[in-house]
Amino acid sequence: MTTTLTKPPADAVPKPPKRSRGMKAARAGGQLHAGPVAYIILALFTVISLFPLVWTAIAASRDNQRLAQTPPPFWFGSGLFDKLEVAWTDANLGEAFLNTTLVAGVSSFTIVFLSTIAGFAFAKLRFKGRGAAMLIVIGTMMVPPQLSIIPLYMMVAKLDWTDQLQAVIFPSLVSAFGVFFMRQYLIQALPDEIIEAARVDGASSWRVVWHVVFPTARPAMAVLGMLMFVQTWNDFLWPFLVLTQTGNPTVQVAVAGLGRGYTPDQSLIMAGALLGTLPLLIVFAIFGKQIVGGIMQGAVKG
């Protein structure tokens, strides 16, 4: 008895699912192209993010009478550059920019340098009390900074540092967040095998730090430096307590003295705030791609 195999009809054979263009590009290692919905969402978030800055410039170009009207202005007036010039002169922002750049630059450099070394010690070195010391460092992050203002001010007054830039620089030379940030990065990005290989070659601890840790931690150091620079630049409370507007003011202290009077000039205050924000925008515009690239490089290493 013989059996004959019949070929099933073409409609009965299931067809493989069609792959979309995005799936083919992903399987082939190509770039994925965003659709119109993604562009709409990105445009919406861009407008929302830029609106406060744009409205600050609009408010700086108007006067108090127009700003008090309803609805408020949503387009530029003719007095923007005049207000910027008055704010620059009245607040002495030229000296304030130099002071703030010095304070933020020194603080950011020391925080990045010391945090990288401390983060490496907590991440890769074995010593007694390492866990307890790390808990203390993390615990300091939970203490509100306002609690330390009074004793810190008493120390500054005894050292006769009031109205001097070192009163702002020295309290910000270290950062518990920086130590924790670098520790978490180095745990993943720095393999133990590289350190052991350097030890076998006869490298000391400091040589390991200079030739192994710093090159590996460069992306995280760039990100931490940018975060600390922005934080120090925008710091107001402590510089306002120890500095004066006529002595060595920072940008935030200088801007705080604008528009004073029985009726504060809101447009002049907005002009000063706009001038104080422009350096940060320039820094982000210049180094933003490098910072993002550093983050991605660190992610690939991790």
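The exercises below work through side-chain pairs, surface and backbone features of a predicted model.

Residues are numbered from 1 along each chain as its sequence is written, and side-chain values use heavy atoms, with hydrogens and water left out. Because the model is predicted, local features need pLDDT of at least 70 and side-chain atom pairs count only at pLDDT 80 or more, while totals for chains, interfaces and linings use all residues.

**Exercise 1. Classify the ring pair of Phe113 and Trp210, and locate both residues.**

Step 1. Rings of Phe, Tyr and Trp (its six-membered ring) pair if their centres lie within 6.5 Å; planes under 30 degrees apart are stacked, over 60 edge-to-face, and the rest tilted. A search of the whole structure gives 13 aromatic pairs.

Step 2. The ring centres of Phe113 and Trp210 are 6.2 Å apart and the planes stand at 50 degrees, so this pair is tilted.

Step 3. Phe113 belongs to helix α5 (residues 93-124) and Trp210 to helix α11 (residues 205-216), so the pair links distant parts of the chain, 97 residues apart. Helices here are DSSP runs (H or I, at least four residues), numbered from the N terminus.

**Exercise 2. Classify the ring pair of Phe122 and Phe127, and state how accessible each residue is.**

Step 1. The centres lie 6.1 Å apart with the planes at 55 degrees, so the pair of Phe122 and Phe127 is tilted.

Step 2. Buried means under 20% relative accessible area, exposed over 50%, and partly exposed in between (1.4 Å probe, protein chains only).

Step 3. With a relative accessible area of 12%, Phe122 is buried; Phe127, at 38%, is partly exposed.

**Exercise 3. Find the salt bridge and describe its two partners.**

Step 1. The criterion is a side-chain nitrogen of Lys or Arg within 4 Å of a carboxyl oxygen of Asp or Glu. By this rule the count is 1 salt bridge.

Step 2. The partners are Lys124 and Asp192, whose closest N and O atoms are 3.0 Å apart.

Step 3. Lys124 lies in helix α5 and Asp192 in helix α10 (residues 192-200), so the pair ties together parts that are 68 residues apart in sequence.

Step 4. Lys124 is buried, with a relative accessible area of 15%, whereas Asp192 is partly exposed at 36%.

**Exercise 4. Which atom does the side chain of Thr216 reach, and is Thr216 buried or exposed?**

Step 1. Thr216 sits in helix α11.

Step 2. Its relative accessibility of 11% makes Thr216 buried.

Step 3. The Thr216 side chain reaches the backbone oxygen of Val212 at 2.7 Å.

**Exercise 5. Describe where Arg260 lies and which residues it contacts.**

Step 1. Arg260 is in the loop between α14 (251-256) and α15 (266-301), and is exposed, with a relative accessible area of 59%.

Step 2. Contact means heavy atoms within 4.5 Å. Leaving aside neighbours within four places in sequence, Arg260 contacts Phe240 and Gln245.

**Exercise 6. Give the phi values and positions of Asn92 and Asp163.**

Step 1. Most residues other than glycine have a negative phi.

Step 2. Asn92, not a glycine, has a positive phi of about 50 degrees. Asn92 is in the loop between α4 (80-90) and α5, and is partly exposed at 36% relative accessible area.

Step 3. Asp163, also not a glycine, has a positive phi of about 65 degrees. Asp163 is in the loop between α7 (149-158) and α8 (166-169).

How values were computed. Helix = DSSP H or I, 4+ residues; strand = E, 2+ residues; numbered from the N terminus. Polar contact = N/O pair within 3.5 Å; in protein donor to acceptor, adjacent residues only side chain to side chain.
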